[in-house]
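Thanks for making the time this morning.

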Amino acid sequence: MAPQNPRIIALFDVDGTLTIPRGEVTPDMMQFMHDLSKKITVGIVGGSDLPKQEEQLGDGIASVFPYNFSQNGLVAYKDGELQDVQTISKFLGEDNIKRVVNWTMKYLADIDIPVKRGTFIEFRSGMMNISPVGRNCSREERNDYEKVDLARNIRKDMVAAMRKEFADLGLTYSIGGQISFDVFPKGWDKTYCLKYLPEGDFDEVHFFGDKTFEGGNDYEIFSSERTIGHTVTSPEDTKEQCTKIFMS
């Protein structure tokens with residue numbers, strides 16, 4: 001059933017917006033999203049791949065709302081139908097992929113942090129996700145690392161070094177979540193998903209996200225001329241803002 005205002009669409013980040021970082025959506029929040037989808041068109045746009053998005057939002061999430069974008073829209077679904085898939089390996093070539101991976105492993109080996117776990121580089125079809133502590137860390141280790149990272153700018157400094165080292169590759173670096181950052185070709189940030197939303201189909205395109213600061217993985221779409229950006233601090237804040245804007 002079409003929403004009351006189909007020409008208004010709201011796109012939602014996942015971590016920190018619909019869920020706590022790497023957490024599962026609560027039944028109450030998912031019910032709110034279903035209620036919202038009766039008012040306006042709803043879409044999800046996350047940086048993680050679809051399996052991770054399903055871990056957080058539930059199996060079959062690509063078919064729940066009209067638009068679903070994983071890996072910033074490099075994997076795009078509309079009404080449950082796959083629209084397109086783009087890959088970083090095709091774009092950069094294997095020699096450059098190995099160049100980035102080898103440099104990253106050497107850099108991370110020299111970083112002194114309280115703990116290191118596993119999966120420091122996660123290769124996704126549309127990006128590389130790099131985590132100094134390793135994505136296999138526990139939630140407690142994740143929270144502890146975030147405090148260290150904020151105090152010592154570990155990810156920010158690494159991004160600065162990579163910008164210099166790989167200036168010739170035309171890459172973008174986007175810090176998101178608590179423990180990692182994404183590396184992908186310029187233009188492959190979350191604004192990539194907007195290509196699937198023809199301007200003539202929507203009067204308003206809203207975006208809700210928590211990492212909307214410059215360098216955060218929501219910044220480009222938040223500040224895009226095509227969107228009305230909203231910064232949120234938690235799922236509860238997302239709910240409160242959406243209620244005031246769309247349901248009052």
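Two strands count as paired here if DSSP finds at least two bridges between them, and the strands (E, at least two residues) and helices (H or I, at least four) are DSSP runs numbered from the N terminus. Please keep in mind that this is a predicted model, in which local features need pLDDT of at least 70 and side-chain atom pairs count only at pLDDT 80 or more, while totals for chains, interfaces and linings use all residues. Residues are numbered from 1 along each chain as its sequence is written, and side-chain values use heavy atoms, leaving out hydrogens and water.

In β4, the bridge partner of Y67 is K78, and β3 (residues 67-70) pairs with β4 (residues 75-78) in the antiparallel sense over four bridges. Both belong to an open, mixed sheet of seven strands, ordered β5-β4-β3-β2-β1-β10-β11, with β5 (81-85) and β11 (228-231) as the edge strands, each pairing on one side only.

Helix α2 (residues 50-57) lies across β2 (40-45), β3 and β4, running at about 120° to β3, where axes are lines fitted to C-alpha atoms, for helices over the stretch in contact, and angles run from 0 to 180 degrees between N-to-C directions.

Turning to the cores, each is a set of buried Ala, Val, Leu, Ile, Met, Phe, Trp, Tyr and Cys residues joined through side-chain atoms within 4.5 Å, buried meaning under 20% relative accessible area with a 1.4 Å probe, protein chains only. The largest has 45 residues, of which L11, F69, M162, F181 and L197 touch the most other members. Beyond its neighbours within four places in sequence, M162 is in contact (heavy atoms within 4.5 Å) with residues including V100, W103, I130 and F181. A second, separate core of 25 residues includes M33, I40, I44 and C242.

How values were computed
Buried < 20%, exposed > 50% of the residue type's maximum accessible area, 1.4 Å probe, protein only.
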